[in-house]
Amino acid sequence: MKRLQRYLVAGLLVWVPAGITFLILKLVVDLMDRTLLLLPEHYRPEQLVGFRIPGLGILLTGLVVFATGMLAANLVGRRLLRLWDATLQRIPLVRSIYGGAKSFTEVVLGDGGKSFK
């Protein structure tokens, strides 16, 4: 019985993070696909090429993340990020969520690279 429980927990430790990652990526890609609907009708990819291009949101997501990184890496971007952080720290409920998410992200993606060693 103990071995069965251990295998079940080990399986969950593999599949739960993978499932959550998949759901978050699907949410972001679907959101980016829907943002294409904000374009005027004659500029939408479906109208330009004549058919729907599935997953175009992946490309758009990558471009948005890359552009945000470029902005955040320069002097003006750093100032804007400090202003953004200060603004979010003033909102009570948002402060808790944003602070926790930011701390987690800094630990996981930080420059130290020793977070999981």
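1. In this predicted model, the largest pocket holds about 290 Å³ of space. Its lining consists of Tyr 98, Ala 101, Lys 102, Thr 105, Glu 106 and Leu 109. By class, that lining has three nonpolar, one polar and two charged residues.

2. Next, the surface. Leu 8, Leu 12, Val 16, Ile 20 and Ile 24 make a nonpolar patch of about 470 Å². Leu 8 sits in helix α1, residues 2-35. Leu 8 counts as exposed because its relative accessibility is 58%, and the cut-off for exposed is over 50%.

3. Phe 66 belongs to helix α3, residues 56-73. Phe 66 is exposed too, at 55% relative accessible area.

4. The structure holds four salt bridges. One of them joins the side chains of Lys 26 and Asp 30 at 2.8 Å, N to O. These two residues are four apart in helix α1, so about one helical turn separates them. Lys 26 is partly exposed at 41% relative accessibility. Asp 30 is partly exposed at 29%.

5. Asp 33 and Arg 52 also meet in a salt bridge, 4.0 Å from N to O. This pair links distant parts of the chain: Asp 33 is in helix α1, while Arg 52 is in the loop between α2 (45-49) and α3, 19 residues apart. Asp 33 counts as buried at 17% relative accessibility, whereas Arg 52 is exposed at 52%.

6. Glu 41 and Arg 44 form another salt bridge, at 3.7 Å, N to O. Glu 41 is partly exposed, with 48% relative accessibility.

Methods. Residues are numbered from 1 along each chain as its sequence is written. This is a predicted model: local features need pLDDT of at least 70, side-chain atom pairs count only at pLDDT 80 or more; totals for chains, interfaces and linings use all residues. Side-chain values use heavy atoms; hydrogens and water are left out. On a 1 Å grid over the protein atoms alone, a cavity is a set of points where a 1.4 Å probe fits but cannot get out, and a pocket is an open set with protein on both sides within 12 Å along at least five of seven lines; lining residues have an atom within 4 Å of a point. Grid points are joined across faces, edges and corners, and a volume is the space filled by probe spheres set on the points. Ala, Val, Leu, Ile, Met, Phe, Trp, Tyr, Cys and Pro count as nonpolar, Asp, Glu, Lys and Arg as charged, and the others, Gly among them, as polar. Patches are made of residues with over 30% relative accessible area and no salt bridge: like charges are joined within 9 Å, nonpolar side chains (Val, Leu, Ile, Met, Phe, Trp, Tyr) within 5 Å. Accessible areas come from the Shrake-Rupley method with a 1.4 Å probe; for residues, only the protein chains shown count as cover. Buried means under 20% relative accessible area, exposed over 50%, partly exposed in between (1.4 Å probe, protein chains only).
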